[in-house]
Amino acid sequence: TLIILISDGVADISLKNTKLDGWIEKEILKINTTNPQIIASRLIEKAVSLTDGIVHDDMTVIALQVKKV
């Protein structure tokens, strides 16, 4: 099970450009790994690229993998 927490700095990117609605879900579906570090890094990289490198708010992504013991 994966848990992904995203700050408003990442989530609100689509508020400035409605063509980006659903970009987070689409990006998660493209990621072909369950490695939390890779998932978090790719989401941050995509968020920064969508803002042309101009970050207006903090951008935080925390990805956790929960394993049953």
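Buried means under 20% relative accessible area, exposed means over 50%, and partly exposed lies in between (1.4 Å probe, protein chains only). This is a predicted model, where local features need pLDDT of at least 70 and side-chain atom pairs count only at pLDDT 80 or more, while totals for chains, interfaces and linings use all residues. Residues are numbered from 1 along each chain as its sequence is written, and side-chain values use heavy atoms, with hydrogens and water left out.

**View 1. The elements of the protein chain.** Four helices and two strands make up its secondary structure. Helices (H or I, at least four residues) and strands (E, at least two) are DSSP runs, numbered from the N terminus. Read from the N terminus, the order is β-α-α-α-α-β. The C-alpha atoms fill a box of roughly 40 × 20 × 15 Å along the principal axes.

**View 2. The residue T51.** T51 sits in the loop between α4 (36–50) and β2 (61–65). Is T51 buried or exposed? T51 counts as buried because its relative accessible area is 16%. Setting aside neighbours within four places in sequence, T51 is in contact (heavy atoms within 4.5 Å) with I13 and M59.

**View 3. Contacts and cover in the protein chain.** Take the contacts with a separation of 6 or more: 62% of them join residues 24 or more positions apart. Of the 69 residues, 26% count as buried.

**View 4. The surface of the protein chain.**
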